[in-house]
Amino acid sequence: MAIFWWCLLGLLTCGYFALAGYDYGVGMLLPGFEAGERRRRETLGALGPFFLANEVWLVAAVGLLFGAFPHLESEVFAGAYVLVVTLLLGLVTFTASMQLRSRRPDARRGAWTAGIVGGALVTALSWGLFLGNLVLGLPPVGDVLGLFSPYATVWGLGFVALFCLQGAAFLAVRAPVELTGRAVRLAKAFSAPVLAFLVIASGWGYFALDGVSGLGAGAVVLAFAAFAVTRAGLAVRRYRVALVGSMTLSACPALLAGTLRFPTVLASPALTLDQAATAPETFAVLAWFAPPAVLVLLVVQWLTWRAHRGPVDRHSLLHF
């Protein structure tokens, strides 16, 4: 039973990174696409229909974590409290700036644009540091500086490059046609630091991490394969293929964190899946509404993509 809920949590978490990663990537890349207010609105409008739907995956994942694995939640949130706070600050700043930027047509938008870029950057850094610490093992509670170890810092910087690559691939598909070339150039430019992140993190981890499972090794292989697909898609101008590859690549770090030492789900302090899980009675209650809610989430996401699969043009409704 616990394995089923762990897989469902993995689906929601990987889905969040696969989808919301390009939210933050577009946010960080926004200055690179600014050429007047119309261009800024078109760039943000490409993201508009998906923005809030993507964030729902995080809400669902955190809710399931609280309900199904409360002991894991308490250990993780206590050990990485500082990163959780910075992550929330980044998310709130990014989300609020996105929604308030175009509220008044006659208002100045420079501060809101800075909020989008800064919030996206803080969110990407925080997620990288957070997952890097989960992979390495959380430092003792109260050791704030331990959260910023060199290995975790590599993950933080790597996530910035990773989300920028994903955001550029997304804009190559959804941005106005005249911005496609710029998006592709940015995606190719961020490919090098992403590859460096993959090589350094996996090579460092090979010598620094113990008890790696076959599933964890498979997640690393999948990450390199997804990167190859992304690069190939960009090279042959199959930008939808490149986007799918980058989305898969962004989901791989979360997949790695969940499978690295399975059935141990937290290295430090050591916690197995059974120890992290809630009581069977709670699982029985969750079974009534969690699977139907996930099904609705999947259907709505598919319908949203189906309705907005083409690039933005002058006839498109701009949400922001």
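The lining of the largest cavity holds 8 nonpolar residues, 2 polar residues and 1 charged residue. Here Ala, Val, Leu, Ile, Met, Phe, Trp, Tyr, Cys and Pro count as nonpolar, Asp, Glu, Lys and Arg as charged, and the others, Gly among them, as polar. The model is predicted, and residues are numbered from 1 along each chain as its sequence is written. Local features need pLDDT of at least 70, side-chain atom pairs count only at pLDDT 80 or more, totals for chains, interfaces and linings use all residues, and side-chain values use heavy atoms, with hydrogens and water left out.

Rolling a probe the size of a water molecule over the atoms shows where empty space is left. The search ran on a 1 Å grid over the protein atoms alone. A cavity is a set of points where a 1.4 Å probe fits but cannot get out. A pocket is an open set with protein on both sides within 12 Å along at least five of seven lines. Lining residues have an atom within 4 Å of a point. Grid points are joined across faces, edges and corners, and a volume is the space filled by probe spheres set on the points.

By this rule there is 1 cavity of 30 Å³ or more. The largest cavity holds about 50 Å³ of space. Its lining consists of Leu134, Val135, Leu256, Ala257, Gly258, Leu260, Arg261, Thr264, Val265, Leu266 and Ala267. H6, H10 and E1 each give two or more residues to this lining. Such helices (H or I, at least four residues) and strands (E, at least two) are DSSP runs, numbered from the N terminus.

One runs from Phe262 to Pro263, with omega near 10°. Pro263 sits in the loop between H10 and E1. The other joins Ser268 and Pro269, with omega about -5°. Pro269 belongs to the loop between E1 and strand E2 (271-272). A further backbone feature is found at Arg237, a residue other than glycine with a positive phi near 65°. Arg237 is placed in the loop between H9 and H10.

The largest pocket has a volume of about 880 Å³. Its lining comprises 37 residues, and Leu9, Thr13, Leu65, Trp127 and Phe130 lie nearest the centre. Two or more residues come from each of helix H1 (2-29), helix H3 (51-68), helix H4 (70-79), helix H5 (81-100), helix H6 (110-136), helix H10 (239-259) and strand E1 (264-266). H1 gives the most, with 9 residues. By class, the lining has 31 nonpolar, 5 polar and 1 charged residues.

The second largest pocket contains about 300 Å³ of space. It is lined by 21 residues. Of these, Trp155, Ala201, Ser202, Val220 and Leu256 lie nearest its centre. Helix H7 (150-174), H8, H9 and H10 each supply two or more lining residues. The lining has 18 nonpolar residues, 3 polar residues and no charged residues.

Two packed helices are described by the angle between their axes and the distance between the axes. Axes are lines fitted to C-alpha atoms, for helices over the stretch in contact, and angles run from 0 to 180 degrees between N-to-C directions. Contact means heavy atoms within 4.5 Å.

The axes of helix H8 (residues 180-208) and helix H9 (residues 214-235) come within 11 Å and cross at roughly 165°. H8 and H9 are therefore roughly antiparallel, a term for angles over 145 degrees. Their crossing is left-handed, meaning that the near helix is turned anticlockwise from the far one by less than a right angle; clockwise is right-handed. H8 residues in the contact include Ala187, Lys188 and Ser191, and those of H9 include Val220, Phe227 and Arg231. By class, this contact has 10 nonpolar, 2 polar and 2 charged residues.

H1 and H10 pack at about 145°, with their axes 8 Å apart. The crossing is right-handed. Among the residues in contact are Trp6, Thr13 and Tyr22 of H1 and Met247, Ser250 and Gly258 of H10. The contact has 10 nonpolar residues, 3 polar residues and no charged residues.

H3 and helix H12 (residues 280-307) have axes that come within 11 Å and cross at roughly 170°. That makes H3 roughly antiparallel to H12. The contact includes Asn54, Trp57 and Leu64 of H3 and Thr282, Phe283 and Gln301 of H12. By class, the contact of H3 with H12 has 10 nonpolar, 4 polar and no charged residues.

Terms used: Parallel < 35°, antiparallel > 145°, perpendicular 65-115°, else oblique.
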